[in-house]
Amino acid sequence: MRPLRYSINVTLDGCCHHEAGIPPDEESMRYWTAEMERADALLFGRVTYEMMESAWRRPATGTWPDWMTEWETPFAEAIDRTKKYVVSSRLSGVDWNAELVQGDLGEAVRRLKQEPGEGLSVGGVTLPLALADLGLIDEYEFLVQPVLAGNGPTLLAGLRERIQLELVHRHEFRSGAVALRYRPTQATA
């Protein structure tokens, strides 16, 4: 069974808005590229899918935009080519190497986890909360930014039950950010 990993940037006070932390740098982009390459597929909710597609989809010209730095290109290429599953009741179709997931969320994700491979990666805010409540997340990875945002959406706000975690990996960045990877201490679905 391939594991489902939740990865997100988060500030010290728990804000998980994508613009709340420090801007990505070469070191953090290398780290996220390596994490992206650990996944056979990405699992997104509609909002995250649309946000990531607008930023990281290869343009029809085949040339990355001028705003993209050389050190962002490996991440862009990795996310662009990775298979994506999009959970949405609003979208009627998706592209960008993606497949729409509808119906019972728990059943659909359990099926995806049963497929062979190295892992699934989920990002965003709303979908991971639902997956955590269902006990389907096998690994949580937080890139903790040395910032106090003071507002914005917070990490896993509304979680129904406490989830006890054990630290399995830690990586410190020159920027002061710290990547922390945890696994639930009890068996997950």
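A nonpolar core, as the term is used here, is a set of buried Ala, Val, Leu, Ile, Met, Phe, Trp, Tyr and Cys residues joined through side-chain atoms within 4.5 Å. Keep that in mind for the close-ups below, which all come from a predicted model.

**Figure 1. The whole chain, before we zoom in.** Five helices and eight strands make up the elements of the chain, and from the N terminus they follow the order β-α-β-α-α-β-β-α-β-α-β-β-β. The radius of gyration is 16 Å, close to the 16 Å that the globule rule gives for 189 residues, so the chain is as compact as a globular protein of that length. Its C-alpha atoms fill a box of roughly 45 × 40 × 30 Å along the principal axes. Of the 189 residues, 45% count as buried. Among contacts with a separation of 6 or more, 72% are between residues 24 or more positions apart.

**Figure 2. Inside the largest nonpolar core.** This core has 27 residues, and L4, Y6, L43 and L131 touch the most other members. Two or more residues come from each of β1 (4-11), β2 (41-45), α4 (105-114), β5 (120-122), α5 (126-133), β6 (139-145) and β8 (178-184). Take L43 as your guide: beyond its neighbours within four places in sequence, L43 is in contact with L4, Y85, V87, V109, L112, S121, V122, G123, L127 and L131. Another core, of 24 residues, lies apart from this one and includes L42, M52, A76 and F173.

Figure 3. Which residues of α4 are buried? They are L105, G106, A108, V109, L112 and K113. These residues cover an arc of only 165° around the axis, which puts them on the same side of α4. An α-helix has 3.6 residues a turn, so residues three or four places apart point the same way. On the other side of α4 you will find R111 and Q114, both exposed. The buried residues of α4 pack against β1, β2, β3 (83-87), β4 (98-101), β5 and α5. At the N-terminal end, D104 caps α4, with a side-chain oxygen 3.2 Å from the backbone nitrogen of G106.

**Figure 4. A salt bridge between R174 and E27.** The closest N and O atoms of this pair are 3.8 Å apart. R174 sits in the loop between β7 (165-172) and β8, while E27 belongs to helix α1 (residues 26-37), so the pair ties together parts that are 147 residues apart in sequence. Are the two partners buried or exposed? R174 counts as exposed at 69% relative accessibility, whereas E27 is buried at 11%.

**Figure 5. A salt bridge between R58 and E77.** Here, too, the closest N and O atoms are 3.8 Å apart. R58 is in the loop between α2 (46-56) and α3 (73-81) and E77 is in helix α3, so the link joins parts 19 residues apart in sequence. R58 is partly exposed, with a relative accessible area of 31%, and E77 counts as partly exposed at 31% relative accessibility.

Figure 6. The side chains of R181 and E139 meet in a salt bridge, 3.6 Å from N to O. R181 lies in strand β8 and E139 in strand β6, 42 residues apart, so to speak distant parts of the chain brought into one link. Both R181 and E139 are buried. Through shared partners, salt bridges join R5, E35, R38, E139, E141, R181 and R183 into one network. The count of salt bridges in the model comes to 21.

Terms used:
Residues are numbered from 1 along each chain as its sequence is written. This is a predicted model: local features need pLDDT of at least 70, side-chain atom pairs count only at pLDDT 80 or more; totals for chains, interfaces and linings use all residues. Side-chain values use heavy atoms; hydrogens and water are left out. Buried means under 20% relative accessible area, exposed over 50%, partly exposed in between (1.4 Å probe, protein chains only). Helices (H or I, at least four residues) and strands (E, at least two) are DSSP runs, numbered from the N terminus. Contact means heavy atoms within 4.5 Å. A salt bridge is a side-chain nitrogen of Lys or Arg within 4 Å of a carboxyl oxygen of Asp or Glu. The arc is that of the directions from the helix axis to the C-beta atoms. A polar contact is a pair of N or O atoms within 3.5 Å; within protein, one must be able to donate a hydrogen and the other to accept it, and residues adjacent in sequence count only if both atoms are side-chain atoms. The radius of gyration is taken over C-alpha atoms; the globule rule is 2.2 Å times the number of residues to the power 0.38.
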